[in-house]
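Open your viewer and get ready to select residues by number. Each stop says what to pick and what is there.

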Amino acid sequence: MADHDAESSSSHFIYDVFLSFRGFTRYGFTDRLYHALHERGITTFRDDENVRVGDRIRDTLLEAIERSRMSIAVLCKDYASSTWCLDELVQIMKCWNNGKNQPVLPIFYQVEPSDVRRQRNQYEKDMMKHEDLVNVYYESEIIKKIVEEVSEKLPPEPLYIKHPIGFDSHFEVVESLWNIESDNTICMLVIYGDGNKTTLVGELFNKFRHQFEAASFLDKVSEKSVRSADGLENLQETLLYEMGVHKKLKLGSTLTGSSDIKQNLHNKRVLLILDDVDSTEQLDSLAG
């Protein structure tokens with residue numbers, strides 16, 4: 001599959017999770033994990049090795065990985081003996097490394113992490129974080145922990161755009177203005193206009209969000225700010241929630257919210273889009 005086609009298909013995810021596994025886990029641990037994810041409402045792809053015939057099925061599996069928002073690899077003692085599993089793992093890591101924010105959750109099942117070939121950089125850190133799952137005795141507890149972590153790690157769905165405008169050439173200009181590749185750039189882009197402005201910034205958000213660690217799109221900022229006495233605080237709470245900082249939160253004041261935003265996001269690469277801002281107070285409270 002060409003890179004362009006892969007990029008196009010992966011921008012429209014079909015599954016939440018691609019489940020990569022091997023052998024004896026199929027009818028035990030992996031099956032229970034699959035059903036636990038399903039009960040949580042997490043759409044999970046698992047293949048049936050009984051229908052694996054030729055390259056066509058292989059391509060289907062690789063495409064399923066590209067079109068999953070994250071992957072789980074259940075690493076058991078005979079995982080590496082399967083060329084199918086290794087092909088899946090290569091594709092999983094390609095999707096993880098391509099900057100599209102498709103997380104990978106490795107599960108060491110009845111195997112010591114040290115038995116798995118040593119990895120480097122961020123993948124090594126990700127694996128080390130899950131070593132404690134090996135030491136939990138009851139599989140039900142392991143599965144519960146995994147489902148909770150999957151729920152937290154899943155990238156959010158793209159914004160629903162009913163009638164996309166398609167400003168690809170303009171997006172390239174925006175990307176050059178942002179200097180997105182830089183690690184030290186703080187950039188503010190202001191878009192004026194009426195009509196399709198909200199649709200435009202929505203498409204902008206969907207196109208570039210995968211290049212950032214966290215992202216939030218807040219629309220109707222002006223209207224929501226004056227809707228109630230704590231309108232700005234509610235927007236701050238939404239921002240922090242969407243950025244993955246807080247699950248449930250009551251700030252108490254916009255000053256507290258501004259401090260929390262600064263403290264929790266100043267070391268992260270974030271994308272924040274504020275639609276319909278009409279005062280510096282709103283800007284300072286949400287992006288100051």
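This is a predicted model: local features need pLDDT of at least 70, side-chain atom pairs count only at pLDDT 80 or more; totals for chains, interfaces and linings use all residues.

Residues are numbered from 1 along each chain as its sequence is written, and side-chain values use heavy atoms, with hydrogens and water left out.

**Stop 1: arginine 22**

Select arginine 22. It lies in the loop between strand S1 (15-20) and helix H2 (29-39). Helices (H or I, at least four residues) and strands (E, at least two) are DSSP runs, numbered from the N terminus. Arginine 22 is partly exposed because its relative accessibility is 23%. The cut-offs: buried is under 20% relative accessible area, exposed is over 50%, and partly exposed is in between (1.4 Å probe, protein chains only).

Leaving out residues up to four places away in sequence, arginine 22 touches Cys76, Asp78, Tyr79, Ser81, Ser82 and Cys85. Contact means heavy atoms within 4.5 Å.

**Stop 2: aromatic rings**

How many aromatic pairs does a search of the whole structure find? Four. Select phenylalanine 205 and phenylalanine 217. Their ring centres are 5.8 Å apart and their planes meet at 65°, so the pair is edge-to-face. Rings of Phe, Tyr and Trp (its six-membered ring) pair if their centres lie within 6.5 Å; planes under 30 degrees apart count as stacked, over 60 as edge-to-face and the rest as tilted. Next, select Tyr15, Phe18 and Phe45, which ring pairs link into a cluster.

**Stop 3: a charge over a ring**

Select arginine 46 and tyrosine 34. The charged end of arginine 46 sits over the ring of tyrosine 34, 3.9 Å from its centre. This requires NZ of Lys or CZ of Arg within 6 Å of the ring centre and within 35 degrees of the ring normal.
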